[in-house]
Amino acid sequence: MNKIIKVNNTQFIGYENNGCYEFKGIRYAISHRFDILKPYIYKDSIVDLSESSPICYQGKSNIESFITGNDYSEFNQVEDPQLLSITISKNIKENEKLPVMIFIHGGTFRHGGCDSISYNRTYLAKENRLILVGINYRLGDFGFSINLNKKPANLGLLDIIEGLKRVKK
């Protein structure tokens with residue numbers, strides 16, 4: 001069953017999963033290769049958020065593949081993965097205020113994505129009646145090398161900060 005949430009004049013379509021509603025791949029910023037991001041603003045539209053959000057380009061992690069079963073080479077990968085995924089317990093009242101918890105995935109800034117199968121957010125959101133937000137950000141060379149001015153850049157951390165700002169807003 002689909003769930004629709006309206007924010008300003010944009011309708012976001014999520015889906016039901018394990019007693020929760022999930023909205024995957026909400027763009028919070030956009031960037032070009034090795035450049036500072038710009039906040040993303042949705043125009044009046046309908047946005048389908050029922051697929052796992054793309055992750056940043058990354059190589060295969062044999063150890064993570066062995067331990068968690070994740071093979072990131074099977075995920076949709078992009079250079080600008082500034083996307084949020086939101087999980088909300090299904091059993092809430094219309095205007096009920098819930099705590100918000102942020103999830104920033106691990107992976108030594110080289111691997112991972114917030115919608116990975118080993119990071120199933122539904123159990124935590126359902127059991128604790130909260131809104132759980134996962135943040136995808138640039139990894140590896142795309143997020144932690146040099147910028148266009150040939151200076152060291154922590155673009156991945158700037159992505160995370162912008163994601164936190166979007167959640168607060």
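Student: What volume does the second largest pocket have?
Tutor: In this predicted model, the second largest pocket comes to about 380 Å³.

Student: Which residues are closest to its centre?
Tutor: Ile 92, Lys 93, Glu 94, Asn 95 and Glu 96 are the closest, out of 14 residues that line the second largest pocket.

Student: How does that lining split by class?
Tutor: Six residues are nonpolar, six are charged and two are polar.

Student: OK, the largest pocket. What is its volume?
Tutor: The largest pocket has a volume of about 750 Å³. Its lining has 20 residues, and Val 7, Phe 12, Ile 86, Arg 166 and Lys 169 are the closest to the centre.

Student: Which elements each supply at least two residues there?
Tutor: For the largest pocket, they are strand 1 (2-7), strand 2 (10-17), strand 3 (20-27), strand 9 (83-89), strand 11 (131-135) and helix 4 (155-168).

Student: How many nonpolar, polar and charged residues are in that lining?
Tutor: The lining of the largest pocket holds 15 nonpolar residues, two polar and three charged.

Student: Changing topic: how many residues are in the largest nonpolar core?
Tutor: That core has 21 residues. Phe 12, Phe 23, Ile 26, Tyr 28, Leu 49, Leu 84 and Ile 86 have the most contacts inside it.

Student: Which strands each supply at least two residues of this core?
Tutor: Strand 3, strand 9 and strand 11 each do. Phe 12 and Ile 86, with the most contacts in the core among them, are also listed among the residues closest to the centre of the largest pocket.

Conventions:
Residues numbered from 1 in each chain as written. Predicted model: local features only at pLDDT ≥ 70, side-chain atom pairs only at ≥ 80, totals over all residues. Heavy atoms only, no water. 1 Å grid on protein atoms, 1.4 Å probe; cavity = no way out; pocket = protein on both sides within 12 Å on 5 of 7 lines; lining within 4 Å. Points joined across faces, edges and corners; volume = space filled by probe spheres on them. Helix = DSSP H or I, 4+ residues; strand = E, 2+ residues; numbered from the N terminus. Nonpolar A, V, L, I, M, F, W, Y, C, P; charged D, E, K, R; others polar. Core = buried A, V, L, I, M, F, W, Y, C linked by side-chain atoms within 4.5 Å. Buried < 20%, exposed > 50% of the residue type's maximum accessible area, 1.4 Å probe, protein only.
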